[in-house]
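Work through these exercises with the structure open beside you. Try each task before you read its solution.

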Amino acid sequence: MHSLLYDSRLNLSTRKVPAMSLQIACIAHHEVYKALSQDACLITQSSQLASDWKRRFALQQQREAYESVHVFSWSAWLARLFQQTSDKVILKEVQEISLWQTHIQQTLPEHIRAGTIRGLASQASQTYALMQHYHIPLDELSTSKQEEAEAFVCWAEAVQQSLLQPEFEDHILLADMPDYLFTAMQNGAELSLPHTIIMDGFETLSPMQQQHLMQYEKSGVTLLQVESSTATPELSLSA
């Protein structure tokens, strides 16, 4: 159990999901800078890519002073929108890992080393996040009859119960935030959305990401993706 790799053993990352009708047109790399200067928003797959775009945009500017550019990683973008819809606080990574670790430790023999438990806590947190990306309910794993899956479900349910306690009732897991946000959007939450969103660094889109992007489109947002220098086809959908 110490070497659990939930994403590969449970085949979460290769799971078949219903296809969604989302078509995203391309924008040339050199046109992104102009779009950003006109208040478009660039969302990247990683924070490193977001930082790189900010640096390149700054180098493109001829003047010393200019308005800050709207460039965010996917997770930072969702967190920004979430702040507009809820007073809940997203648990910091160290807090979440500590929560997983507490419940995992309660189910394992005392001789198991703390380092091993921390590793399992990190794996469990990542697996839970992947399940939310693919809209996989815990109940589905409950019937798998695999020892690893049953243990994971037990830990996840314990973590969810902890979030109902007074100590954490104003908090939410980072992995649960996108679904909470999407529900708020469906219920008519007023969000400050840009007129154009440009995507970069996404080879595929998870069901959760597709769901959010389609909701932006319904709100009148134009979706674009940065054209690849290797002429890669349009964003593929996880299906």
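A salt bridge here is a side-chain nitrogen of Lys or Arg within 4 Å of a carboxyl oxygen of Asp or Glu. Keep in mind that the model is predicted.

**Exercise 1. Find the salt bridges of the chain, and say which residues they link.**

Solution. 

Step 1. Apply the cut-off. The count comes to 2 salt bridges.

Step 2. Take D52 and R55. Their closest N and O atoms are 2.6 Å apart, so the pair falls within the 4 Å limit.

Step 3. Take R56 and D52. Their side chains also meet in a salt bridge, at 3.0 Å from N to O.

Step 4. Place the residues. D52 and R55 both lie in helix α3, which spans residues 47-60. They are 3 residues apart, about one turn of the helix. R56 and D52 are 4 residues apart in α3, again about one helical turn.

Step 5. Join the pairs. D52, R55 and R56 are linked in a network of salt bridges.

Step 6. Recall the background. Side chains of opposite charge can pair when their charged atoms come close.

**Exercise 2. Are D52 and R55 buried, partly exposed or exposed?**

Solution. 

Step 1. Buried means under 20% relative accessible area, and exposed means over 50%.

Step 2. Read D52. Its relative accessible area is 25%, so D52 is partly exposed.

Step 3. Read R55. At 45% relative accessibility, R55 counts as partly exposed.

**Exercise 3. Work out which way the side chains of strand β2 point, and which strands pair with β2.**

Solution. 

Step 1. Check β2, residues 41-44. C41 and I43 point one way, while L42 and T44 point the other way. All of these residues are buried.

Step 2. Look for partners. Strand β6, residues 196-200, runs parallel to β2 and is joined to it by 4 bridges. Within β6, I198 is the bridge partner of L42.

Step 3. Look for another partner. Strand β3, residues 71-73, runs parallel to β2, with 3 bridges between them. Here I43 stands opposite F72.

**Exercise 4. Describe the surroundings of I43.**

Solution. 

Step 1. Locate I43. Its place is in strand β2.

Step 2. The relative accessible area of I43 is 0%, so I43 is buried.

Step 3. List contacts beyond four places in sequence. Among them are F72, S73, W74 and W77. The list also includes I197, I198, M199, D200 and F202.

Step 4. I43 and A76 are 33 residues apart along the chain, and their C-alpha atoms are separated by 8.9 Å.

**Exercise 5. Follow the strand pairing from T196 to strand β8, and on to β1.**

Solution. 

Step 1. With a relative accessible area of 11%, T196 is buried.

Step 2. Pair the strands. β6 and β8 run in the parallel sense, over 4 bridges. T222 in β8 is the bridge partner of T196.

Step 3. Check other links of T196. Its side chain makes a polar contact with the side chain of H195, at 2.8 Å. Beyond four places in sequence, T196 is in contact with A40, C41, V221, T222 and L224.

Step 4. Move on to β8, residues 222-226. Because 4 of its 5 residues are buried, β8 is largely enclosed by the rest of the structure.

Step 5. Reach β1, residues 25-27. β1 pairs with β8 in the parallel sense over 3 bridges. I27 has V226 as its bridge partner in β8.

**Exercise 6. How many helices and strands does the chain have, and what share of its residues is buried?**

Solution. 

Step 1. Count the elements. The chain has 10 helices and 9 strands.

Step 2. Take the buried share. Of the 239 residues in the chain, 43% are buried.

Conventions. Residues numbered from 1 in each chain as written. Predicted model: local features only at pLDDT ≥ 70, side-chain atom pairs only at ≥ 80, totals over all residues. Heavy atoms only, no water. Buried < 20%, exposed > 50% of the residue type's maximum accessible area, 1.4 Å probe, protein only. Helix = DSSP H or I, 4+ residues; strand = E, 2+ residues; numbered from the N terminus. Pairing = 2+ DSSP bridges. Polar contact = N/O pair within 3.5 Å; in protein donor to acceptor, adjacent residues only side chain to side chain. Contact = heavy atoms within 4.5 Å.
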